[in-house]
Amino acid sequence: MDGIKHRKVAVNGINMHIAEKGEGPVVLFLHGFPELWYSWRHQILALSDRGYHCVAPDLRGYGESDAPASIESYTSFHIVDDLVALIHSLQVEKVFLVGHDWGAIIGWYLCMLHPEMVKAYVCLSVPFLRRNPIVPPVDAMRALYGDNYYICRFQEEGKVEAEMAQVGAEYVVKNIITTRKTGPPIFPKGEYGTAFNPDMKQDLPSWLTQQDLAYFVSKFKKTGFTGGLNYYRNLNKNWELTAPWSGAKIKVSVKFITGELDMVYTSLGMKDYIESGGFKEDVPGLEEVIIQPGVAHFNNQESPLDITNHIYDFITKF
């Protein structure tokens with residue numbers, strides 16, 4: 001991949017694999033599920049050529065990074081602490097932060113807990129999740145969409161892994177990354193089935209090559225999906241842990257980008273939250289919201305040039 005270097009860094013009791021390229025101010029990229037550092041391949045190459053030190057880890061539980069066995073090792077506090085140690089290891093005080101999907105959620109936690117470490121944040125797909133002081137998030141999702149909503153299904157330790165194993169890693173990754181179905185993903189009862197993407201085509205979209213898919217699949221065949229699923233299994237735990245930050249505001253400068261077909265944007269009342277002003281209320285540092293026409297959830301891969309330019313245009317202001 002054109003001079004991208006790989007190494008392991010000891011952080012917070014685990015070894016974390018990072019991919020990096022370039023010199024200059026650090027841009028730290030956080031991937032989502034079911035992804036890896038590789039999700040940022042286009043942005044790493046482009047922004048390293050424009051004078052930035054691009055760093056993209058495999059988050060804990062993914063790819064070449066360590067995957068602790070216990071579910072309790074995947075709270076947002078653990079993952080934020082991994083990133084704090086990583087930033088210290090890079091010998092910088094602040095980074096430009098870019099996050100997508102679960103990486104976006106972790107990015108919000110980093111901005112909330114350690115705003116002094118973030119120069120600016122470009123957030124993809126998942127807006128700030130306002131903490132409901134009364135109802136834990138998984139309980140709220142179950143009440144809204146039922147037991148077969150994907151996040152509720154992901155709580156089933158071992159069971160959902162067995163369903164994924166039945167269809168195979170390639171099916172799971174391709175099914176999720178290529179979906180353009182809007183609204184809440186609801187699984188068929190008791191099986192993985194068509195899961196996120198009932199309209200999955202044999203051919204890959206133009207923006208995802210067979211080589212790209214093979215890279216993701218090769219890693220998930222080795223690790224399985226438990227590490228990534230454990231992030232979802234800590235949603236209620238994260239809610240408990242962040243009680244002292246209930247009502248916290250994010251004051252870091254933020255640019256938010258989502259596709260109009262994104263499954264997050266089109267469910268859980270997110271569109272209304274963003275458009276009604278609730279998002280700006282919770283994130284006073286929100287400077288810009290971009291809705292990409294015709295783009296779905298994995299916008300960093302589907303529209304790489306557009307995302308790269310949005311990141312560059314924003315971070316050059318600081």
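## Ground rules

This is a predicted model, so to speak of local features we need pLDDT of at least 70, side-chain atom pairs count only at pLDDT 80 or more, and totals for chains, interfaces and linings use all residues. Residues are numbered from 1 along each chain as its sequence is written, and side-chain values use heavy atoms, with hydrogens and water left out.

## Cysteines

Take a disulfide as a pair of cysteine sulfur atoms within 2.5 Å, and the count is zero. For Cys54, the closest cysteine sulfur belongs to Cys111 and sits 18 Å away, too far for a bond.

Cys54 is buried, with 0% relative accessibility, and Cys152 is buried too, at 2%. Buried here means under 20% relative accessible area, using a 1.4 Å probe and protein chains only.

## Helix H2

Helices are DSSP runs (H or I, at least four residues), numbered from the N terminus. H2 runs over residues 76-89, and its 14 residues reach 20 Å from first C-alpha to last, close to the 20 Å expected at 1.5 Å a residue; the expected span is 1.5 Å times one less than the number of residues.

Buried residues of H2 include Ile79, Leu83, Leu86 and Ile87. Just after H2, Gln91 has a positive phi of about 60°.

## Nonpolar core

A nonpolar core is a set of buried Ala, Val, Leu, Ile, Met, Phe, Trp, Tyr and Cys residues joined through side-chain atoms within 4.5 Å. The largest one holds 108 residues, and Phe29, Phe33, Leu86, Tyr121 and Phe154 touch the most other members. Helix H3 (residues 102-113) supplies its largest share, ten residues.

Methods: Buried means under 20% relative accessible area, exposed over 50%, partly exposed in between (1.4 Å probe, protein chains only). Helices (H or I, at least four residues) and strands (E, at least two) are DSSP runs, numbered from the N terminus.
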